[in-house]
Amino acid sequence: MVQARVLIDIYGDINGHELLRQFDLAIGNSGGSLVLACLCNDMKISEIISVFRNEDLRKQVFSTLTFWEKLKWRDIASLFTKALGPKYSMERKLEGLTKILKEKDHLFNEKKIPKPIIETPLNELPAIIKKDSLQLLIVGFDYFRERVSFFRSNPNSRTDKFNNGKFYQVPLAHAIHSSSNAPVNYFDAPAEISISRLNANDSRKSWYWDGAVSGFNNPVLAGLVEAITNNYLSPQEYCILSIGTGTGSKVVLTDCQFSTDPEVKAVYEKNKNNKDFAITDSSSGFVMDIKKISGSILDDPPDSATFIAYSILDPSLNGKANIVRINPCTKPEKNNEGVYDAPPVYKNMPNGTQRFKDLMELGMDAVKNEEVDLIDEMCNKFIVTDGAPCLTNQLIRGEAGTDNFLGQASYKEAKEKWMSCK
């Protein structure tokens, strides 16, 4: 939702293929791979947004496990605690994704192409998009080999030359199924997909978790490596737009309790009972450990991937690299009394504090209408270009309010920077 809302604000309500033709490489992971699939499907951006707003369609992807399905030995923990165990069916996710994108495939339904785009191998998509030089990249995590896998459209990628010409093609549906298959607390099994070696008699089954498990939740660094190894350009010639899905959490003050600095300790004392907006309890346990590890793959603040990619293009870190990070920050802000509270843009609206609390509590599986309404509302408070109060934008590195940071502190500034890059 966030990514599609950003794209429609920058580019207008254009078709996916028209948008993709403006780029040389597009890379997606997890939820971003779903947006990329919709663009490959040539859906208008408004149509992509309408899919995310449709609860019936969301439930086809996030299909809740039945009681009997939870009785499987691997899923039985989810019967006893909401904090641990899968909630959704891996198999029905693939069915849902395929069904939705087939129905929205105007080119196939109008008989302009011989088979649905969602069933088309990635290496055949650039020709359908009508830009043969376009490279597509989707990230997955190989369950048994325990390593990252990159599903590419480019059979001749230099990064893949060490496979001695063994290029395995993957249908678009199976690539995004792998990339969006979050483990432990979300889907009940690794994604089962089909791969086949190009120009050879070798078809097989393989298993994957969400690409975020590999450390590429934000895939910008992998995309830059792919671009650099296949194109000989000067660092300043690269223009990279990196769009996130929101970042933020309660303020972590667990270490402040033990600080020897009186001012730092005072912050802890003022917020030690502020359970809504601050984390002050330093205890841990097995269930908490599992929950933390499974959740850690889904976020990366401050965003190391964007910073590393930036430092490759501009080792001096002097603001010369054309990398624009757009990602709304949903984090509490300190008020005049030194107590963390909802940001002013929420405080100044009816029931705003509670709306912000609810937003912070959302998981990545926002399925109910009221949950998606919170995300839509967040977009309205972030995608602001008239100078009105808004949610802040995630910086590449540093702190807003100082003279020492990389990136843009607001969506307006980030959009202006991107337009100047083009």
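Is Asn 351 buried or exposed? I looked it up: Asn 351 counts as exposed, because its relative accessibility is 54%. My cut-offs are under 20% relative accessible area for buried, over 50% for exposed and partly exposed in between, with a 1.4 Å probe and protein chains only.

**Ground rules**

I'm working on a predicted model, where local features need pLDDT of at least 70, side-chain atom pairs count only at pLDDT 80 or more, and totals for chains, interfaces and linings use all residues. Residues are numbered from 1 along each chain as its sequence is written, and side-chain values use heavy atoms, with hydrogens and water left out.

I stayed with Asn 351 for a moment. Its place is the loop between helix H15 (344–347) and H16. (Helices are DSSP runs of H or I with at least four residues, strands are runs of E with at least two, and both are numbered from the N terminus.) Asn 351 isn't a glycine, yet its phi is positive, about 60 degrees. I noted this since most residues other than glycine have a negative phi.

Asn 164 also has a positive phi without being a glycine, at about 55 degrees. I found Asn 164 in the loop between S3 and strand S4 (168–169). With a relative accessible area of 67%, Asn 164 is exposed.

**Salt bridges**

Side chains of opposite charge can pair when their charged atoms come close. The rule I used: a side-chain nitrogen of Lys or Arg within 4 Å of a carboxyl oxygen of Asp or Glu. That gives a count of 22 salt bridges.

I picked out Asp 9 and Lys 415, whose side chains meet in a salt bridge at 3.1 Å, N to O. Asp 9 sits in helix H1 (residues 2–11) and Lys 415 in helix H18 (residues 411–421), so this pair ties together parts that are 406 residues apart in sequence. Asp 9 is partly exposed, at 27% relative accessible area.

Then I checked Glu 103, which forms a salt bridge with Lys 99, with the closest N and O atoms 2.9 Å apart. Both residues lie in helix H7 (residues 90–103), four residues apart, about one turn of the helix. Glu 103 is partly exposed at 45% relative accessibility, and Lys 99 is partly exposed at 41%.

My next pair was Lys 250 and Glu 361, with side chains that meet in a salt bridge at 3.9 Å, N to O. Lys 250 lies in the loop between strand S7 (239–243) and strand S8 (251–252), while Glu 361 is in helix H16 (residues 352–361), so the pair ties together parts that are 111 residues apart in sequence. Lys 250 is partly exposed, with 23% relative accessible area, but Glu 361 counts as exposed at 55%. I also found a network: Arg 5, Arg 53 and Asp 376 are joined by salt bridges that share partners.

**Covered elements**

How many of the residues of strand S10 (residues 322–326) are buried? Five of its five are, so I wrote S10 down as mostly covered. In a regular strand the side chains alternate between the two faces of the sheet. Here Asn 322, Val 324 and Ile 326 are buried on one side, and Ile 323 and Arg 325 are buried on the other.

S7 and S10 run parallel and are joined by five bridges; strands pair if DSSP finds at least two bridges between them. In one of these links, Ile 240 has Ile 323 of S10 as its bridge partner.

Helix H10 (residues 172–179) is mostly covered too, with eight of its eight residues buried. Among them are His 174, His 177 and Ser 179.

**Two serines**

I looked at Ser 30 in the loop between strand S1 (25–28) and helix H3 (31–40). Ser 30 is buried, with a relative accessible area of 10%. Contact here means heavy atoms within 4.5 Å. Leaving aside neighbours within four places in sequence, Ser 30 is in contact with Ser 179, Ser 180, Asp 210 and Asn 217.

My last stop was Ser 149 in strand S3 (residues 147–152). Ser 149 is buried, at 14% relative accessibility. Beyond its neighbours within four places in sequence, its contacts include Ile 138, Asp 142 and Tyr 208. From Ser 149 to Ser 284 I noted 33 Å, C-alpha to C-alpha, and 135 residues in sequence.
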